[in-house]
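Here's a quick briefing on the model shown below, sorted by topic. Have the viewer open while you read.

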Amino acid sequence: MKTPYIYFGTKGYFNTPGVAPTSNVAALATMSISNSGLLPASKANSVDPATLGYRVVHVAGNDVDDVRGSLYTNDFVTGALFNDPDDSDVNQDDKFTGQVTNLSDAGAFIAGSANGVITIGDNTATGGSVGSDATNGFTMTTDDTVIVEQFKRNDAPGNGPSAGELSSAYAYPMCNFRGANPVAYAKTHYDGTVLDQTDLHFTSTVGDGTTHIIRVIHTAGKYPELVKTMEAIANCGIYNRAITFYDLDINGVETFAGGPSLSNQNDLGIVGCWRTVA
Amino acid sequence: MKYLIANDTSVLADLDNTDELLMFGQNRILNVESFDDTTTRIQIQGQRDTDDNDILTLKHADKSAAATHKVERNIIDDAVSAINSDSRLGFTVLFDALNNVKLPNQVLSGSSVTED
């Protein structure tokens, strides 16, 4: 019996609000293939994460003066200068609610953490120690959110094609699709989009009676469209190639199935897509 | 129902060894997945133990290289097309080292059959 195949590439995504800094230093929770599709190796403090295929983005949750490293001058989403004319201080090192900072410099991070852990230094220490200095660091508060986002296929985030046995692309026969389960997520993307999570279950590839889960993080309220998309793929009648649900290539190019119309646009607002087991 | 055949040995006398020749129904495929830069695997419900899997290993060019990064996706499409093919013979040969038959983007050397 012929059946359409559905193809999933991988985009790791780790959204962690409410990080509680200790002595101004913010250690994010441990990332894993299960919780984020990411397992970055312990990063030397001389390495910019962008060169490893992922970015670390800070979203301000309140207004605090003099906390942002001077290196960061423009909002990652809007491109606007951080200087706020309505603030008496009017310095780019002041953070205001909603501002998005791409921690794009290697010096923002403290090295030596375990695999899967990213630690962000503050901007208050003197002496210019890496990860804690006025140029590269960021003094966070618990109101802030940090998002780690993979933006191209790469081994370094821990889910690339050569990362041990952690595969990065999967094609399942739609006859093995077991169902789509909405899961509470309640987080917000750095562009302000509220997000939901849906787990797509497929018969396990090791024949052990369990299921494998493709976890999709997408715009809130898109679950009905997502399941209609799965139905459209299952009944598309295309058998000579796999149908791409989501893909991210080594150049950062994304491919989407789209919504129920299979428009090839990001109609579902996908920001993360990964298999929860290696 | 169509059937698929894979053979990784080029020695006729070795066809009766373990892990070289497998025939299975197209509805036994569990998935096709990229395993590493030069390997894609077709995983099949085990023929002897249905709680286990048989694995067809497809070798290919390096998908981490800029010039060949699409090979992983292309070989998955090759496999899907072969699995779903309307062969008038009733079976399709995925690859056969004895007769030098392979998928378009496959490298026969190193491709293998692993039974549960």
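Among contacts in chain B between residues at least 6 apart in sequence, 54% join residues at least 24 apart, where a contact means C-beta atoms, placed from the backbone, within 7 Å. This is a predicted model, so local features need pLDDT of at least 70 and side-chain atom pairs count only at pLDDT 80 or more, while totals for chains, interfaces and linings use all residues. Residues are numbered from 1 along each chain as its sequence is written, and chains are lettered from A and ligands numbered from 1 in the order in which they are written.

**Chain B overall**
- Chain B has one helix and seven strands, taken as DSSP runs numbered from the N terminus (helices: H or I, at least four residues; strands: E, at least two).
- In sequence order, that reads β-β-β-β-β-α-β-β.
- With a radius of gyration of 14 Å, close to the 13 Å from the globule rule for 116 residues, chain B is as compact as a globular protein of that length. The radius is taken over C-alpha atoms, and the rule is 2.2 Å times the number of residues to the power 0.38.
- Along the principal axes, the C-alpha atoms of chain B fill a box of roughly 40 × 30 × 30 Å.
- Of its 116 residues, 44% count as buried, meaning 20 or more other C-beta atoms within 10 Å of a residue's own, with C-beta atoms placed from the backbone (exposed is 12 or fewer, partly exposed in between).

**The sheet within chain B**
- Three strands of chain B form an open sheet in the order 2-1-6, with mixed pairing; strands pair if DSSP finds at least two bridges between them.
- Strand 2 (21-25) and strand 6 (91-96) of chain B are at the edges with a single partner strand each, so one side of each has no neighbour in the sheet.
- Strand 1 (residues 3-7) and strand 2 of chain B are antiparallel over five bridges, and Leu4(B) has Phe24(B) as its bridge partner in strand 2.

**The sheet that spans both chains**
- Eight strands make an open, mixed sheet in the order 13(A)-12(A)-1(A)-8(A)-3(B)-4(B)-5(B)-7(B).
- Within chain B, strand 3 and strand 4 (residues 39-45) are antiparallel with six bridges, and Ile29(B) stands opposite Ile44(B).
- Helix 1 of chain B lies across strands 1, 8 and 12 (242-248) of chain A and strands 3, 4 and 5 (53-59) of chain B, at about 160 degrees to strand 3 of chain B. Axes are lines fitted to C-alpha atoms (for helices, over the stretch in contact), and angles run from 0 to 180 degrees between N-to-C directions.

- Chain A gives 27 residues to the contact and chain B gives 28. The largest share of chain A's side, four residues, comes from strand 8.
- The largest nonpolar core has 76 residues, and among the members touching the most others are Ala171(A) and Ala79(B). Such a core is a set of buried Ala, Val, Leu, Ile, Met, Phe, Trp, Tyr and Cys residues joined through C-beta atoms within 7 Å.
- Helix 1 (residues 71-83) of chain B supplies the largest share of this core, seven residues.
- Leaving out residues up to four places away in sequence, Ala171(A) touches residues including Ile6(A), Val32(B) and Ile76(B).

How values were computed: Contact = placed C-beta atoms within 7 Å.
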